[in-house]
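Reader: I am new to this structure and would like to know what the terms used for it rest on. Please take them one at a time.

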Amino acid sequence: MRSFASTCTLESDVGPSCLIVDDQPGFCEAARDLLECQGVAVVGCARSSAEAVRSVRELRPEVALVDIELGAESGFDVARLLAADPDGNTPQVILISTHDEREFAKLIESSPAVGFLSKTELSAERIYQLLDRREC
């Protein structure tokens with residue numbers, strides 16, 4: 001994924017605040033650039049479950065994009081940790097991956113996540129679609 005900062009026109013309406021949880025700094029930077037150009041307020045990036053929990057408590061994002069594979073950690077575990085926060089800081093979680101959704105379909109379905117996005121399909125529009133589906 002490349003940086004879109006120099007080729008985008010910023011949207012006038014700011015969308016939901018978002019935390020990106022991914023252990024690849026290059027992806028975090030490119031995703032931040034893309035989503036911010038599309039009106040999503042990316043409040044931070046976390047590279048581990050501990051960072052994700054700490055960031056959610058401090059930044060209170062409305063949405064957390066959580067990579068299924070976080071090095072030695074599981075994004076499914078991170079999703080469960082974020083959903084079980086005793087302080088009620090529970091963003092809507094969207095799982096992301098370069099892998100095909102079918103590989104993880106049962107795990108995605110049983111997770112507290114509102115859905116799944118392939119990293120190649122990441123966009124503000126797709127995030128909004130998943131959030132709208134959850135609210136119905």
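**Confidence, sheet and helices**

Author: This is a predicted model, and over residues 1-7 the pLDDT stays under 50. For that stretch the model has 14 contacts beyond four places in sequence.

Reader: What makes a low pLDDT matter when looking at coordinates?

Author: Where pLDDT is low, the predicted coordinates should not be read in detail. As for the protein chain, its average pLDDT is 87, and 87% of the residues score at least 70.

Reader: How do you know which strands form the open sheet, and in what order?

Author: Two strands pair if DSSP finds at least two bridges between them. Strand E3 (residues 63-67) and E6 have 5 bridges in the parallel sense, and strand E6 (residues 92-97) and E7 have 4 bridges, also parallel. Therefore both count as pairs by the cut-off of at least two bridges. The sheet has 5 strands in the order E2-E1-E3-E6-E7, with parallel pairing.

Reader: Why are some strands called edge strands?

Author: Strand E2 (41-46) and E7 each pair on one side only. On average, neighbouring strands of this sheet are turned by 25° against each other, direction ignored.

Reader: Which residues are the bridge partners of aspartate 67 and isoleucine 96?

Author: Aspartate 67 has isoleucine 96 in E6 as its bridge partner. Isoleucine 96 in turn has leucine 117 in E7 as a bridge partner.

Reader: Why is the crossover from E6 to E7 called right-handed?

Author: A crossover has that name if, with the strands pointing away from the viewer, the path from the first strand over the helix to the second runs clockwise. Here the chain goes from E6 through helix H4 (residues 105-110) to E7, and this β-α-β crossover is right-handed.

Reader: What makes both faces of strand E7 covered?

Author: Buried means under 20% relative accessible area. In E7 (residues 115-118), Gly115 and Leu117 on one side are buried, and so are Phe116 and Ser118 on the other.

Reader: How do you know where the buried residues of helix H2 lie around the axis?

Author: In H2 (residues 49-59), the buried residues are Ser49, Ala52, Val53, Ser55 and Val56. They lie on the same side of H2 because they cover an arc of only 165° around the axis. These buried residues pack against E1, E2, strand E5 (73-74) and helix H3 (75-83).

Methods. Residues numbered from 1 in each chain as written. Predicted model: local features only at pLDDT ≥ 70, side-chain atom pairs only at ≥ 80, totals over all residues. Heavy atoms only, no water. pLDDT = per-residue confidence, 0-100. Contact = heavy atoms within 4.5 Å. Buried < 20%, exposed > 50% of the residue type's maximum accessible area, 1.4 Å probe, protein only. Helix = DSSP H or I, 4+ residues; strand = E, 2+ residues; numbered from the N terminus. Axes fitted to C-alpha atoms, helices over the stretch in contact; angles between N-to-C directions. Arc of directions from axis to C-beta.
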